[in-house]
Amino acid sequence: MSSTELPSVPPTDLLPEAIAVRVADGERLRSVGLPGVTLSVRSRPPGREGLAPALFVHGLGGSSQNWSSLMALLDGVVESEAVDLPGFGDSPPPDDGDYSVTGHARAVIRYLDASGRGPVHLFGNSLGGAVSTRVAAVRPDLVRTLTLVSPALPELRVQRTALPTALLGFPGVAALFTRFTREWTAEQRVRGVTALCYGDPGRVAPEAFDHAVEELERRLRLPYFWDAMSRSARGLVNAYTLGGQHGLWRQAERVLAPTLLVYGGRDQLVGFRMAQRASRAFRDSRLLTLPNAGHVAMMEYPGTVATAFQELLTHAERSGTTGLIVSDGDAGPVRRTNTGS
């Protein structure tokens, strides 16, 4: 094996037993077997009968747990499920080792087709935003509305703070980073991720921080952890270079579903300047900008995002509402703009 190759991953039936994945009050976790992939799905019982289904897709290095706070706030609005993408959370690697954006989108589509829950209100963050954009473009029959939180859509000038994540996708970098950070504790790693992803890391409650450390310790024991991270990062970088009908921005223009775009002013991974381009690309969109939020607004300001989503539902029923500016406490001035018809 050359120095640039990733180590081979053992079959999933030979993987060591790991500690149980945390399931919050009111949630349940189940495993769903699909052709070529097995997905872990987190769900909450609906607050009442007859609610439309929703599906939440996390970002690079994340899991379905990233959506727990928002899902709890939407109990009486939608019937919520959040998926662990292949190789993340509690989902094992895909059988074919395909961690491309298309591969992840295919897994989401297979789940929606098999479950018969579509069309759904589809949510995506970061990598999950790119995946959800592709799903909405190629399978409009599966998507009622689309909510994207800091979607990882191509940027010509990537922020310097995002470069280490992008470099993770290049051959050999994951192995080098693993050797360089061998002595780092899970707590140190979580502090680094929190500083990178949150606009104000101080907003993370001590209990939530401890849960994140526990989850990272669990995942670091998995022999495919870095493989899934690096190959998914590489898949995202490759998606940035695609042109024509397969380009993510071209696919954004093809999305028919009413779309809510959420961008954080302190996002160190997705440029805040991309908000206006996204609002022009998605034909029927509303833009929510949170100046004090970072890359994971649904975790930092779940109440604000939940309210904006409910406004999207109203907009979807009767289009033509105008944008407004409100104050939302420490989230900073919140900008809501309707860019659709």
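Thr241 is found in helix α8 of a predicted model, in which local features need pLDDT of at least 70, side-chain atom pairs count only at pLDDT 80 or more, and totals for chains, interfaces and linings use all residues. Residues are numbered from 1 along each chain as its sequence is written, and side-chain values use heavy atoms, with hydrogens and water left out. Helices (H or I, at least four residues) and strands (E, at least two) are DSSP runs, numbered from the N terminus. Thr241 is exposed, with a relative accessible area of 63%, where exposed stands for over 50% relative accessible area, buried for under 20% and partly exposed for values in between, with a 1.4 Å probe and protein chains only. Along the chain Thr241 and Pro154 are 87 residues apart, whereas their C-alpha atoms are separated by 7.9 Å.

The protein as a whole contains 12 helices and 10 strands, and of its 341 residues 52% are buried. Among the contacts in the protein with a separation of 6 or more, 74% are accounted for by residues 24 or more positions apart, a contact being defined by heavy atoms within 4.5 Å.

Two helix pairs are described next. Two packed helices are described by the angle between their axes and the distance between the axes. The axes are lines fitted to C-alpha atoms, for helices over the stretch in contact, and the angles run from 0 to 180 degrees between N-to-C directions. Helix α2 (residues 101-115) and helix α3 (residues 127-138) pack at an angle of about 65 degrees, and their axes are 9 Å apart. The crossing of α2 and α3 is right-handed, a crossing being right-handed if the near helix is turned clockwise from the far one by less than a right angle, and left-handed if anticlockwise. On the side of α2, the contact is made by Val101, Thr102, His104, Ala105, Val108 and Ile109, and on the side of α3 by Leu127, Ala130, Val131, Arg134, Val135 and Val138. These residues divide into 9 nonpolar, 2 polar and 1 charged, where Ala, Val, Leu, Ile, Met, Phe, Trp, Tyr, Cys and Pro count as nonpolar, Asp, Glu, Lys and Arg as charged, and the others, Gly among them, as polar.

Helix α3 is mostly covered, with 11 of its 12 residues buried; among them are Leu127, Gly128, Gly129 and Ala130. The buried residues of α3 pack against β3 (53-57), α2, β5 (120-125), β6 (143-149), α8 (225-241) and α9 (248-254). From its first C-alpha to its last, α3 reaches 17 Å, close to the 16 Å expected at 1.5 Å a residue, the expected span being 1.5 Å times one less than the number of residues.

Helix α6 (residues 186-197) and helix α7 (residues 206-220) form the second pair, packing at an angle of about 115 degrees with their axes 9 Å apart, and the crossing of α6 and α7 is right-handed. Within α6, Ala186, Glu187, Arg189, Val190 and Arg191 meet Phe209, Ala212, Val213, Leu216, Glu217 and Leu220 of α7. By class, the contact of α6 with α7 has 7 nonpolar, no polar and 4 charged residues. The buried residues of α6 are Ala186, Arg189, Val190, Thr194 and Cys197. They cover an arc of only 135 degrees around the axis and therefore lie on the same side of α6, the arc being that of the directions from the helix axis to the C-beta atoms.

Several features of the backbone fall in loops. Pro119 is found in the loop between α2 and β5, and the peptide bond from Gly118 to Pro119 is cis, with omega near 0 degrees. Ser126, in the loop between β5 and α3, has a phi near 55 degrees, a positive value in a residue other than glycine, and counts as buried at 10% relative accessibility. Ser150, placed in the loop between β6 and α4 (163-167), has a positive phi of about 45 degrees although it is not a glycine, and counts as buried at 0% relative accessibility.

Val23 lies in the segment before β1 (28-34) and is partly exposed, with a relative accessible area of 35%. Leaving aside neighbours within four places in sequence, Val23 is in contact with Arg28, Leu29 and Arg42.
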